[in-house]
Structure formats: structure tokens, C-alpha cells
Amino acid sequence: MKKHLPVILTGATIGVVALALVAFGNPANMGFCIACFLRDIAGSLKLQSAAPVQYFRPEIVGLLLGALVISLLKREFKPRGGSSPVTRFILGMVVVMGALVFLGCPLRMLLRLGGGDLNALVGLVGFAAGVGLGVLALNRGFSLKRAYAQTALEGAALPSLTAVLFLLTLIAPTLFAFSTDGPGAKHAAIWISLAGGLIVGGMAQRSRFCMAGGIRDGMIFKDFHLLWGSLSLLVVVVVGNLLMGKFKLGFADQPIAHTDGLWNFLGMALVGWGSVLLGGCPLRQTILAGEGNSDSAITLIGMVAGAAVSHNFGLASSASGATLNGKIAVGVGALILLAVTLINMNRKGANA
Amino acid sequence: MKTVDARGCACPEPVMMTREAMNEDPSHIEVLVSETCAVENITRFASHFGYAIQSKPEGEDTRLILTK
């Protein structure tokens, strides 16, 4: 049990910070959501023009910088990259498109579940099924090939650029778009959001917390280490919501969610499959990008691009359900993941 | 003795490569890895199967020696 303690503490901390961020102003069940926050950042940078979802989320800045600082202190900051970057960019796009059909990344899926949103349970089943497809691929030798050492500039480029853009939003806010209404207008105070991100970023760096990794390692190795983190997160969020009277069990009228079960399932299946091909969920990709992994950095940029596409072309769902374009995008995304999977069965000595 | 070069491989490939090497020669496996999380994952996996684990820094990388 002792070896699970860091990841259990991280899960619990993410739960507490997420509840606090909602109490301080974030949208309901959205203390954290990597997909939604990157979507809001895309909006703030005017890469997408959906007025309700434009805000430069300081949580993302905090996650990147928290992971950067702790990895530097622990001598784990290692600039590396070159493992199929273009493929990873595209996988990032597909993952975020799936997440925005469901309306949340795997982390928000658990936060929604912890608020009593049963649509997230359907999403979780889909996510696990998607992870299962990724595991089948790994067992048959799937690999995006090795990453190699890079310069410090390459490793620190994305966290630094994000920090500079964040400072610019404070110094010259008129350069950016900010929602006046809708989810993008709901946020905790900037410094609270930043602090929340920093805490979670640092702890997730230490514990390697990953939503996809838990289910994946359980399936491949019967290793449930990372799942302890997800479980502790869920327990803390359920208890916290119950204590604050915010727990509402059911499918209908859940905040920033829809009840279209099939597309909740399929959207998250895409996220699970893509996350395993990438080597970790969107949160883990963010942390790795902070640690100097430029493959994860390019994945994050792909996610921002995917979020922009999702809103510019009407792929993202709304409270009324998935859109036709979103359904087509899930189908196309699945074909892309299938192609990436089949083309990259190249690891030597695999079981099959 | 079987040597595995898992440097630069993303999660969970280093552990899978180690497992494959264990199937070929269960008594002595050496794994070269570049990431701390791979060191942790392989250590957790190998200790579960009763291996003694030695870890030696090798430049920027780490060599894990698994024996039983």
C-alpha cells in the first residue's frame, strides 16, 4: 500500500483542488478538464470563434510550470522527442475531438461521475473499451518508435511559450478573446487557478498520475497501481460533492453534459484508444510536456488544433447532444486511429 | 543473459519489452532505460515476480539488472 501512497495522495489532491476551483467559480464538475481548457485557450487565442468558450485557463499554465519546476528540482527534466511527432499531433487532434463529443477529458469524466452525472459512467465504459483497443495494439507490437535527447530549448519551448502568452493576457488582454457569457466566463480568480494547476502539476509529475495508464496497466500486467489514484480522486469528489450538497445522481440536466449515451460511449472510446497509442491521457501528456517531452508538447498543440477544429466546424456537442458533424468526426477519428494502429505494429519481439 | 534496450520508449513499452525478455530467459535480464518512470515501472513489475533488482547509472541512462 505504501508504494501506492504518492498516486493516492495525488488523486485526492486533484479531487480537493477541483472541488475548490468549482467553488471559486469554475463551471460545475469542471475543476479540471484538459480538453475543455485547451479548447478555451484556443478560443482565447482566436483559433476558434465560439464566443462562450474563450478563456486563457491559468490551470494549464500551472500544470505545465508545476511539472517543469518539480522535474528541474528532481533532476528529471529531460528534453527528448522525435517519436513520430506528426502522428502524435494528429492523435492529439482525434483525442480532443472525441473528448469534446463527450464533453470532457478522462479527468473531467471522473469529476462528472463524482458529481453524480451517470452519463459519465457511460463515458467511462466507452473509455475502458477504447483503452482495451489500445492494449490489443500494444500486445501486437504497436510503437511510435523511440524518442531521443533534444536541446533544453526544445524541451522548455512549450511551457515557456505558454507562460509568455499567459503574461501577455495579463499585460495586454485586448489582444485576446474572453467570453462574457457561458462556460468560458466561469472561472476562479486567476491566481487561484494558477496555484491549483501548479499544485496538481507538481504532484502529478512526482506520482506519474494517469487516467488511461491505470486501466491499461490493469489489463496488460494486472498492475493496479495507477488505478488507485483514479479511485481516490473519485472517492474524494463524491464525498466532497455530498458534503457541499452538490451531488445530483442521474442522467438528465447535468451541467455541461448531454444524455446521448451512444455518443458519450463512442466519444470516450476514441479518447481511450488514442490515449493508449500516445502513452498517456491528456493530463499525463500535459505533465510530460512540462518535463521536457517535446512529443507530448506537439500532442498538446495537436489538441489545441483539434479543439479549434471542433468548434469551428461544429463537431463539439452541446447540452442538446452530439451534432451530425461530431458523429462523422468520431467515425473519421476511429478510421485514423485504426490506420495509425495498423501502420505502427513495428516493435520487435512482440507477442504476436 | 538477455539485454533489452528500452531507451526512449514510451509507457508501457519498457515494461512490455522486459516481460518479453523474461519469457525468453527468466534468470537474468538487463534493461537499459532513459526515463525515471520506466525505472519505477520495471522495478515494480520485476519485484512482483520475485526478481532482485540492481540499478546502475550509465551516462544519462539507467541499467537495471534483474536476477532470480
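**View 1. Helix H8 of chain A and the residue that follows.** Helix H8(A) is mostly covered, with 13 of its 18 residues buried; a residue is termed buried if 20 or more other C-beta atoms lie within 10 Å of its own, exposed if 12 or fewer, and partly exposed in between, with C-beta atoms placed from the backbone. This is a predicted model, in which local features need pLDDT of at least 70 and side-chain atom pairs count only at pLDDT 80 or more, whereas totals for chains, interfaces and linings use all residues. Residues are numbered from 1 along each chain as its sequence is written, while chains are lettered from A and ligands numbered from 1 in the order in which they are written. Helices (H or I, at least four residues) and strands (E, at least two) are DSSP runs, numbered from the N terminus. H8(A) covers residues 190–207 and reaches 26 Å from its first C-alpha to its last, close to the 26 Å expected at 1.5 Å a residue, where the expected span is 1.5 Å times one less than the number of residues. The helix is followed by Arg208(A), found in the loop between H8 and H9 of chain A. Arg208(A) is not a glycine, yet its phi is positive, about 60°, and the residue is buried, with 23 other C-beta atoms within 10 Å.

**View 2. The crossing of helices H1 and H10 of chain A.** The axes of H1 (residues 5–23) and H10 (residues 225–243) of chain A come within 7 Å and cross at roughly 30°; axes are lines fitted to C-alpha atoms, for helices over the stretch in contact, and angles run from 0 to 180 degrees between N-to-C directions. That angle makes H1(A) roughly parallel to H10(A), given that angles under 35 degrees count as roughly parallel, over 145 as roughly antiparallel, 65 to 115 as roughly perpendicular and the rest as oblique. Residues making the contact include Val7(A), Ile14(A) and Leu19(A) of H1(A) and His225(A), Trp228(A) and Val236(A) of H10(A), two residues being in contact if their C-beta atoms, placed from the backbone, lie within 7 Å. By class, the contact of H1(A) with H10(A) holds 13 nonpolar, 8 polar and no charged residues; Ala, Val, Leu, Ile, Met, Phe, Trp, Tyr, Cys and Pro count as nonpolar, Asp, Glu, Lys and Arg as charged, and the others, Gly among them, as polar.

**View 3. The crossing of helices H3 and H12 of chain A.** H3 (residues 58–73) and H12 (residues 282–290) of chain A pack at an angle of about 50°, their axes lying 7 Å apart. That angle makes H3(A) oblique to H12(A). H3(A) passes H12(A) in a right-handed crossing, and the residues in contact include Ile60(A), Leu64(A) and Ser71(A) of H3(A) together with Thr286(A) and Ile287(A) of H12(A). The contact of H3(A) with H12(A) comprises 8 nonpolar, 4 polar and no charged residues.

View 4. Helix H5 (residues 106–114) of chain A has 9 of its 9 residues buried, so it is largely enclosed by the rest of the structure. Among the buried residues of H5(A) are Arg108(A) and Arg112(A), together with Pro106(A) and Gly114(A). Just after H5(A), Gly116(A) adopts a positive phi of about 95°.

**View 5. Val309 and its contacts in chain A.** Val309(A) belongs to helix H13 (residues 294–312) of chain A and is buried, with 20 other C-beta atoms within 10 Å. Leaving aside residues up to four places away in sequence, Val309(A) touches Met93(A) and Leu315(A). The C-alpha atoms of Val309(A) and Met93(A) are separated by 8.5 Å, although the two residues are 216 residues apart along the chain.

View 6. Asn29(A) is found in the loop between H1 and helix H2 (34–44) of chain A, and its phi is near 55°, a positive value in a residue other than glycine. With 31 C-beta neighbours inside 10 Å, Asn29(A) counts as buried. In chain B, a cis peptide bond with omega of about -5° joins Cys11(B) and Pro12(B); Pro12(B) lies in the loop between strand E1 (2–5) and helix H1 (13–24) of chain B.

Technical notes
A crossing is left-handed if the near helix is turned anticlockwise from the far one by less than a right angle, and right-handed if clockwise.
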